[in-house]
Amino acid sequence: MPRVLIVDDEEPLRASLSYALTREGYSVTTAEDGASALEQTRDRLPDVVILDLMLPGIDGMEVCRRLRAVSDVPVVMLTARDRGQDKVDGLTVGADDYVTKPFDTPELIARVGAVLRRRASAQRLLDEDRMLVQRMEELLRQAPIPRIAAHERPQARGRLDGGRVVVDLDSATVLVRGRPITTSAAEYALLRILLSYPGRVVTRTELIERTWGPGAPDGHTLLAVHIRCLREKIEEDPSQPRLVITVPGIGFRYDLPS
């Protein structure tokens, strides 16, 4: 039974959402402010967090930022203001989706289900990577491997080598100059896809469908925001990217450093 944490300072909203989600088969807990939400997640992480932007004390942006620093739990942000910048800011700090108040409860429940499916899809990709690495290692153990010169050796198994940026497939970790960095599930998935085809253009549609699934709402906005966040973490100068390159009208490609 998926666990949902609802964080909102309006008791009637918490009660109605809790009732609706429970009827849909979710296990629901609630918090009325940011501090209690963070305390609850320290004890046990939920499967998804519904997080209001305007909270007393620690606001929703800061709660999301702190959650993202320690986990990739999906976050659906609630905002009472239909401003594009609020949505962009929420996605930038790590939210996976957003809903504007007042909202349609069935739509919110559908979005919760969608982020859970995307997380499951990302986990399947990681599991497939691990199975492939294990199979390769089994085959390599069974067959004699000729000795080769150091300069002829391929990149390490279970790793996608992008020069100063490396994706460790075994641990789902991104390393920049040998040091691990924190990425969201979407940022990791995008980088993994791009690094799988270095120097080749991957279309926006393919990136959206492989990261968030076909028909993802606001897919192009999600892609633009997460690419921007990814560049801020791996580029030396995010304003002049040298690794994740935009191909106008088509998509993006990862350029290996020369």
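**Reading contacts, burial and helix packing**

Me: The backbone nitrogen of Ser-184 lies 3.0 Å from a polar atom of the Glu-187 side chain. What counts as a polar contact?

Reply: A polar contact is a pair of N or O atoms within 3.5 Å; within protein, one must be able to donate a hydrogen and the other to accept it, and residues adjacent in sequence count only if both atoms are side-chain atoms. The model is predicted, with local features needing pLDDT of at least 70 and side-chain atom pairs pLDDT 80 or more, whereas totals for chains, interfaces and linings use all residues. Residues are numbered from 1 along each chain as its sequence is written, and side-chain values use heavy atoms, without hydrogens or water.

Me: Is Glu-187 buried or exposed?

Reply: Buried means under 20% relative accessible area, exposed over 50%, and partly exposed in between (1.4 Å probe, protein chains only). Glu-187 has 3% relative accessibility and therefore counts as buried. Glu-187 belongs to helix α6 (residues 185-196); helices are DSSP runs of H or I, at least four residues, numbered from the N terminus. Beyond neighbours within four places in sequence, Glu-187 is in contact (heavy atoms within 4.5 Å) with residues including His-226 and Lys-233.

Me: How do the axes of α7 and α8 cross?

Reply: Two packed helices are described by the angle and the distance between their axes. Here the axes, lines fitted to C-alpha atoms over the stretch in contact, with angles from 0 to 180 degrees between N-to-C directions, come within 10 Å and cross at roughly 90° for α7 (residues 204-212) and α8 (residues 219-234). That makes α7 roughly perpendicular to α8 (65 to 115 degrees).

Key
Helices (H or I, at least four residues) and strands (E, at least two) are DSSP runs, numbered from the N terminus. Angles under 35 degrees count as roughly parallel, over 145 as roughly antiparallel, 65 to 115 as roughly perpendicular and the rest as oblique.
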